[in-house]
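Open the structure in your viewer and keep the selection panel at hand. We will go from the whole chain to single residues.

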Amino acid sequence: MTGTMDLGGVIVATTLAFREDDSAPAGLAVDYDRFAEHVDFLMRNGCRGVGPNGSLGEYSSLTDEERRRVIQVAVEAVDGRGIVVAGAHGVGSHQARKWAELAREDGADGVLLLPPTLYRANEGEVIAHYEEVAKAGLPIMAYNNPFDTKVDLVPSLVAKLAEIPEVVAIKEFSGDVRRVYEIRELCDIDVIAGADDVLFELMVNGAVGWFAGYPNAFPREAVELYDLCASGDWHEAKALYEQLVAVFRWDSRTEFVQAIKLSMDLCGNSYGGPTRPPRGPLSAEQRAQVTADTERALAALAAR
């Protein structure tokens, strides 16, 4: 079973709530109830779906049991209103395939998949990785994040991955907006905007969806922004984007998880809270800047 996924819309790379618990890793237990509430909040605000267990969901800091339960809770909370694209990232293809198989078993609609993590794979190894995970039978959104993985899924490599029937989309996080045209010239694959602060530019160039971070804090406005772009209302879209892009830039910074969680708390609609190590708290300076950027966005939105 390969199938396809309708990726048009805002799929939110969900943050994960933690609560203090001395018996849990680093003294922080996953707060599944708050996570379920957050997923429901996103779906009620018009999002296409959720992407749990991405880097924003702190998957690399979770135990195996936590990581699986996160997907189960996401599927339950979405409750058929949209799609769940589960992070299946792994050090090697056998680990990633196992996560994809569990995601399928637990009701996810597809998986988001980096190249092998912790290892700078060559082109042949990258292709083999995706071929192996494809055996799990779920649609795959490949994820190009050359900053964290040190592997760049350049357009020519994306074209080779697109020959794998299960690979139906590419989440583009390189920041190079020129790539949309090149990928579309080389193959038939959905290009998904993967960095919030180039969303407008990628949509103008032909991206069809948004796998997003900051919509954790601003889901309603993000859906409006996506819809304006999708319908070609570029002037209105640009006006809204300009009010949000300063805070969206934090999605492309090292402390993006902490920043987005702080913005969520400042917006007051959903719980952000702490991050689990190795992610530590923001510095006082960073906290002040995230706060200023978030409050400026909130003020601009309130004045519309």
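This is a predicted model: local features need pLDDT of at least 70, side-chain atom pairs count only at pLDDT 80 or more; totals for chains, interfaces and linings use all residues.

**Whole protein**

Switch to cartoon. You are looking at twelve helices and ten strands. The radius of gyration is 18 Å, close to the 19 Å that the globule rule gives for 304 residues, so the protein is as compact as a globular protein of that length. Now show the C-alpha atoms. They fill a box of roughly 50 × 50 × 35 Å along the principal axes.

Next, colour by charge. There are 29 positive and 47 negative charges. Their mean positions are 1 Å apart.

**The core**

Hide the surface and look inside. Of the 304 residues, 57% count as buried. The largest nonpolar core has 110 residues. Select Tyr-130, Leu-153, Leu-161, Trp-210, Tyr-214, Phe-218 and Leu-225, which touch the most other members of that core.

Stay on Tyr-214. Which residues does Tyr-214 contact, leaving aside neighbours within four places in sequence? Among them are Asp-196, Val-247, Phe-248, Trp-250 and Val-290.

**A buried loop residue**

Select Thr-15. This residue sits in the loop between β1 (10-12) and β2 (18-20). Is Thr-15 buried or exposed? Thr-15 is buried, because its relative accessible area is 2% and buried means under 20%. Show what Thr-15 touches beyond four places in sequence: the list includes Phe-35, His-38, Leu-56, Asn-216 and Met-264.

**Backbone stops**

Most residues other than glycine have a negative phi, and most peptide bonds are trans.

- Ala-26 has phi near 60°, a positive value. Find Ala-26 in the loop between β2 and β3 (28-30). Ala-26 counts as exposed, at 55% relative accessibility.
- Glu-58 also has a positive phi, near 60°. Glu-58 lies in the loop between β4 (49-50) and α2 (64-78). Glu-58 is buried, with a relative accessible area of 1%.
- Pro-277 and Pro-278 are joined by a cis peptide bond, with omega near 15°. Look for Pro-278 in the loop between α11 (256-267) and α12 (284-302).

Terms used:
Residues are numbered from 1 along each chain as its sequence is written. Side-chain values use heavy atoms; hydrogens and water are left out. Helices (H or I, at least four residues) and strands (E, at least two) are DSSP runs, numbered from the N terminus. The radius of gyration is taken over C-alpha atoms; the globule rule is 2.2 Å times the number of residues to the power 0.38. Buried means under 20% relative accessible area, exposed over 50%, partly exposed in between (1.4 Å probe, protein chains only). Lys and Arg count as positive and Asp and Glu as negative; His and the chain ends are not counted. The place of a charge is taken as NZ of Lys, CZ of Arg, CG of Asp or CD of Glu. A nonpolar core is a set of buried Ala, Val, Leu, Ile, Met, Phe, Trp, Tyr and Cys residues joined through side-chain atoms within 4.5 Å. Contact means heavy atoms within 4.5 Å.
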